[in-house]
Amino acid sequence: MEKKVMELCEAAKRAAVAAVWKEGVVEEARCIDALDQIKNSSITYQLLVSTQVIRHLLPMLKHPSQKIQKLAYDLISSWRDMCWDVEDVEYVAVTN
């Protein structure tokens, strides 16, 4: 799963760069498709930590395409919430 997520992340990154340089709708669609596939994958806290996928997607928050920006923001926000939930549970378990 880790390899698949990293491959999708790299595909999204390459397509995002190509969308800027070529100003192409096809490249933008490829990036969005890769991000959608990542979104539909079963991402766990451990996978986020081991792949550091959020770091790879952060530059997409400043992409010229609003669609890419929004999808990257939504992914990162949902993962951030998941990380906080896991850390809260671990903190409660340690303090009890």
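Tutor: V17 counts as partly exposed because its relative accessibility is 45%; buried means under 20% relative accessible area, exposed over 50%, and partly exposed in between, with a 1.4 Å probe and protein chains only. This is a predicted model, in which local features need pLDDT of at least 70 and side-chain atom pairs count only at pLDDT 80 or more, while totals for chains, interfaces and linings use all residues. Residues are numbered from 1 along each chain as its sequence is written, and side-chain values use heavy atoms, with hydrogens and water left out.

V17 lies in helix 1, residues 2-22; helices are DSSP runs of H or I with at least four residues, numbered from the N terminus. Together with V20 and W21, V17 makes a nonpolar surface patch of about 340 Å². Such a patch is made of residues with over 30% relative accessible area and no salt bridge, with nonpolar side chains (Val, Leu, Ile, Met, Phe, Trp, Tyr) joined within 5 Å. The accessible areas come from the Shrake-Rupley method with a 1.4 Å probe, and for residues only the protein chains shown count as cover.

Not counting residues up to four places away in sequence, H63 touches A16, A19, V20, I68 and Q69, where contact means heavy atoms within 4.5 Å. H63 sits in the loop between helix 4 (53-57) and helix 5. H63 is buried, because its relative accessible area is 7%. A polar atom of the H63 side chain lies 3.0 Å from the backbone nitrogen of S65.

With the same exclusion of residues up to four places away in sequence, M60 touches A12, K13, A16, C31, L35, I68, Q69 and A72. M60 is among the residues with the most contacts inside the largest nonpolar core, which has 25 residues; the others are C31, L35, L57 and W79. A nonpolar core is a set of buried Ala, Val, Leu, Ile, Met, Phe, Trp, Tyr and Cys residues joined through side-chain atoms within 4.5 Å. Helix 1, helix 2 (25-40), helix 3 (45-51), helix 4 and helix 5 each supply at least two residues of this core. Helix 5 gives the most, with seven residues.

Technical notes:
Patches are made of residues with over 30% relative accessible area and no salt bridge: like charges are joined within 9 Å, nonpolar side chains (Val, Leu, Ile, Met, Phe, Trp, Tyr) within 5 Å. A salt bridge is a side-chain nitrogen of Lys or Arg within 4 Å of a carboxyl oxygen of Asp or Glu. A polar contact is a pair of N or O atoms within 3.5 Å; within protein, one must be able to donate a hydrogen and the other to accept it, and residues adjacent in sequence count only if both atoms are side-chain atoms.
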